[in-house]
Amino acid sequence: MNQPENNRPQNSPMTRRGVLTMLGTGAVATLAATPAFASAESLRRALPQDIGDADILTFALNLEYLEAEFYAMATTGYPLARLDSEGMGNMGATRGGKKVTFKNESLARLSREIARDELDHVRFLRAALGRNAIAKPEINLDALGIGFANESEFLILARAFEDVGVSAYRGAAKLIENKDYLDAAAGILATEAYHAGHLRSHVNYARIKAPKLDPKDMPPTEHDWVPTDKNGLAIGRTPGEVGAIVRGPNPSGGAFFPMGMNGKIR
């Protein structure tokens, strides 16, 4: 496999600063204190009282919008169509990002396939939510200053998005009561896991040092190809833990969601 070019040292001050932006102030202490097998009841207590299954899918739709926009920009240079972005709440523009110049054709083909899957996830969740589907919130793809200059930057950000996505669906599973919604979430989780596995392999083959996102994160290395706990289970994160990574500690907005997310779980 061809090694992607890497014009920016992976341990540069910019990269470290970007990771801290993703984590947010106080996130490390919060994540470290989260029990591995928290009950569904305790997790629900951490959310607004009137949260239901549709609100959990809405939170997932926010994340799918982010992933879909990232891959759309990286593979085509264009954001999602308005038809795939309208809905309840404030519809925001997508800022930043550009088409990546792929030199590794295998990675290019994989990225285009993932882009199609992520768009399908957006459309699937929007259809499942029907007239209650939220609009795409404002998204800043340049939140960390990396992701599009070359294949290495793309892989760093893509790996992070996919691993966080897998953990988000795993963490939400015990919160979902409707079996049809749970089945849908399980299907998306499996697809995200396929994506993550391929991308983690590309990171290792290219000998890229991916930054650690939070205390739960296991960046891909020769010793950690698959991020699992002591029971061999995929890592799970609560909505709060996921939010700390993608938009920082302030629910009103920051990082990739500068104006916050749409829906009750922000």
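**Salt bridges and a helix pair**

D217 is buried, at a relative accessible area of 4%; buried means under 20% relative accessible area, exposed over 50%, and partly exposed in between, with a 1.4 Å probe and protein chains only. Before going on, note that this is a predicted model, where local features need pLDDT of at least 70, side-chain atom pairs count only at pLDDT 80 or more, and totals for chains, interfaces and linings use all residues. Residues are numbered from 1 along each chain as its sequence is written, and side-chain values use heavy atoms, with hydrogens and water left out.

Which residue does D217 meet in a salt bridge? The partner is R159, at 2.9 Å from N to O. A salt bridge here is a side-chain nitrogen of Lys or Arg within 4 Å of a carboxyl oxygen of Asp or Glu. The pair links distant parts of the chain, 58 residues apart: D217 is in the loop between α7 (179-205) and α8 (239-246), and R159 is in helix α6 (residues 151-172). Helices (H or I, at least four residues) and strands (E, at least two) are DSSP runs, numbered from the N terminus. R159 is buried too, with a relative accessible area of 1%. A network of salt bridges links R159, D163, R200 and D217.

In total, the structure has 11 salt bridges. Another one joins R123 and D84, at 3.0 Å from N to O. R123 lies in helix α5 (residues 105-129) and D84 in the loop between α4 (53-76) and β1 (94-95), so this pair ties together parts 39 residues apart in sequence. D84 is buried, at 9% relative accessibility, while R123 is partly exposed, at 42%.

R82 and E86 also form a salt bridge, their closest N and O atoms being 2.9 Å apart. R82 is exposed, at 55% relative accessible area, and E86 is partly exposed, at 34%.

Now the helix pair. The axes of α5 and α7 come within 11 Å and cross at roughly 165°; axes are lines fitted to C-alpha atoms, for helices over the stretch in contact, and angles run from 0 to 180 degrees between N-to-C directions. That makes α5 roughly antiparallel to α7, the term for angles over 145 degrees.

Which residues of α5 meet α7? Among them are L107, L110, I114 and F124, and the α7 side includes A184, I188 and L199; contact means heavy atoms within 4.5 Å.

Definitions and conventions. Angles under 35 degrees count as roughly parallel, over 145 as roughly antiparallel, 65 to 115 as roughly perpendicular and the rest as oblique.
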